[in-house]
Amino acid sequence: MLSVKENTTVEFSLTLLDKFAETVARYPEGRQKSALLPILHLVQAEYGWLSVDAMDKVAAYLDIRPIEVYEVASFYTMFFLQPKGKYVLEICRTGPCCLVGAERMMQHIEDKLGVKEGEVTADGLFSWRGVECLAACGYAPVLQIGPEYTFYENLTEEKVDQLVDELKQKAQTK
Amino acid sequence: MARKLLLAHIDVPGIHTFDVYRQNGGYRAVEKALRTMSPDEVVEEVKKSGLRGRGGAGFPTGMKWGFLAKPEGVPRYLVCNGDESEPGTFKDRFLMTHIPHALIEGMIVSSYALGANTSYIYIRGEMMPQIRIVEKAIAEAKAAGFLGKNILGTGYDLEIHVQPGGGAYICGEETALLESLEGERGNPRIKPPFPAVAGLYGCPTVVNNVESIAATVPIVNDGGEEYAKIGIERSTGTKLISASGNLVRPGVYEIEMGLPMEEFIYSDEYCGGIPNGKRLKAVVAGGSSVPILPTHLALKTANGEPRLMTYESLADGGFVTGTAMGSGGFIAFDEDQCIVRNTLNFTRFYHHESCGQCSPCREGTGWMEKVLHKIEYGYGDISDIDLLWDIQQKIDGHTICPLGDASAWPVASAIRHFRDEFEWHILHPEEAQTRNYGLVTEGVMSSE
């Protein structure tokens, strides 16, 4: 669902606009709408989520109607239409991962972070959610963290703890 | 040792770089095809090879290429399907991570054969690291003169672009993928027209899986007939198998078609058996969509023949006692796994991934999930089994794309082969919360 309560006004930087232009150049003349998914990824990497204002500006940039952006952004699960934690831990919850302990790992993440699936920790640092098959079943259980979608494989409780602690430290030093 | 065509050099340090790939014989197929063969001759070799689509459907690649319409003055496109999302499948991720130039070389050869001057590699968005790797490989190949204008001085021009997905299983279906590439929701299109006639931007388009495209490299290098010598019957060449679940050594293996499944599971050259001394309960041989088989039907066909890793042998017995090669996503279940819980998990997956266009799939997957949830958590009624059977029948074959079928088959096969376990779950709701049903050996419960 689109966020109506929260809306972050954005001003795309020149660097970002250059990346948009580079993306649009990949497609034939008049087919700039093909750049929509790559551009939404760029915007989300920059701001952490897709506010209505950001989507409206993407629509204006691509010369399409805002609804064409909303319907796409709400269809694909990778796009966040609500603000999330700085680090979103996305753990695979599909069959093969569950054969080797993904459900136990999800419970552990919930306990470790102290928030339910989809919620944000009080310090604004973390969210987590179960996602569908990440195509890494041989290295299960697995989780990923955007915007670079770094992978963490063969998870154990210890590895999760270590990862969360490292991210907390990283956030403090920045 | 089995022959390897795609992963022959996988252990060479630095094989992901252009220089090392080239030193190990890389890009010879591009030189051979562009300098000594016409596009039609390349198509002919792929036809002779008997290569079948490695994404799941197993449709002959050469024949698919042969259907491509070639109207004057209209661009043609090759689109690589790297939206690998079928649960149990991770071979394309492996290939793109470790030997990305095999994909780029295959893209150049295939684009040349099809007369495409712009080609796209659609990679699922979660694979951002692989997107970066493939983009780097494209840049390296371009710097070396294998991409861009007038490749190797032959007059052939080609640009390859990478397109990220957005997290949607449905975009692995080729027309949904094209919709997504055009910046739309991933709703599959009604066929006909097939992409070969009206695909990307309404132009003739071929969509091929990552592994199929990479396989054109050895086919061009050694000739289609050489490739077809590997394998059995209409299952030629080698296949990447993604092995997961309860196995000593899960991972990606390149097998020669025809390998007995028993050898694949238990031999030390492959998965090394089931960990912790457990027994094998069931196998999903080709990704979550294909029918699940209990061990006795996985290792041997209903006629008692050894089950081989070929399209034909896996399908022996149809969906009554057989299964399908699918994407080669091989999932092993040990004796402690619960079939009801796994069926619920897979069904939840299909419900989540249904695009919502066709009501049998949109509503049916949700109903199946609810009924399975009820059984798994101890509120099932014995009539729910027949209800599930009824729902899956009403989905199967009644939707625009195969996602509906894919959601029906795991449910149908689980009930067909593990009905006793469903009944036990329903009749012993409290016990089912604390322990699993155990192993079934040809219909006999062995754990009691």
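**Exercise 1. Find where Cys133(A) sits in chain A, and say whether Cys133(A) is buried or exposed.**

Solution. Start with the chain: Cys133(A) lies in the loop between strand 2 (126–131) and strand 3 (143–145) of chain A. Strands here are DSSP runs of E with at least two residues, helices are runs of H or I with at least four, and both are numbered from the N terminus.

Before going on, a word about the model: it is predicted, so local features need pLDDT of at least 70 and side-chain atom pairs count only at pLDDT 80 or more, while totals for chains, interfaces and linings use all residues. Residues are numbered from 1 along each chain as its sequence is written, and chains are lettered from A and ligands numbered from 1 in the order in which they are written.

Next, count neighbours. Cys133(A) has 29 other C-beta atoms within 10 Å, so Cys133(A) is buried. The cut-offs are 20 or more for buried, 12 or fewer for exposed, and partly exposed in between, with C-beta atoms placed from the backbone.

Finally, list the contacts (C-beta atoms, placed from the backbone, within 7 Å). Leaving aside residues up to four places away in sequence, Cys133(A) touches Cys92(A) and Thr94(A), along with Ser85(B), Pro87(B) and Phe349(B).

**Exercise 2. Work out which residues carry the UniProt feature "binding site" and where Cys97(A) is found.**

Solution. First, the record: the unreviewed UniProt entry places this feature at Cys92(A), Cys97(A), Cys133(A) and Cys137(A). These span 46 residues in sequence, yet no two of their C-alpha atoms are more than 9.1 Å apart, so they gather at one spot. UniProt positions are given in the numbering used here, feature names are shortened, and annotations may be inferred rather than shown by experiment.

Now take Cys97(A), which is found in helix 5 (residues 95–99) of chain A. Cys97(A) is buried, with 30 other C-beta atoms within 10 Å. Among the residues that Cys97(A) touches, not counting those up to four places away in sequence, are Cys92(A) and Cys137(A).

**Exercise 3. Describe how helix 3 of chain B packs with helix 9 of chain B.**

Solution. Begin with the geometry: helix 3 (residues 39–49) and helix 9 (residues 210–222) of chain B pack at an angle of about 100 degrees, with their axes 10 Å apart. Helix 3 of chain B is therefore roughly perpendicular to helix 9 of chain B. Axes are lines fitted to C-alpha atoms, for helices over the stretch in contact, and angles run from 0 to 180 degrees between N-to-C directions; under 35 degrees counts as roughly parallel, over 145 as roughly antiparallel, 65 to 115 as roughly perpendicular and the rest as oblique.

Then name the partners: Val42(B), Glu45(B), Val46(B) and Ser49(B) in helix 3 of chain B meet Thr216(B), Ile219(B) and Val220(B) in helix 9 of chain B.

Definitions and conventions. Contact = placed C-beta atoms within 7 Å.
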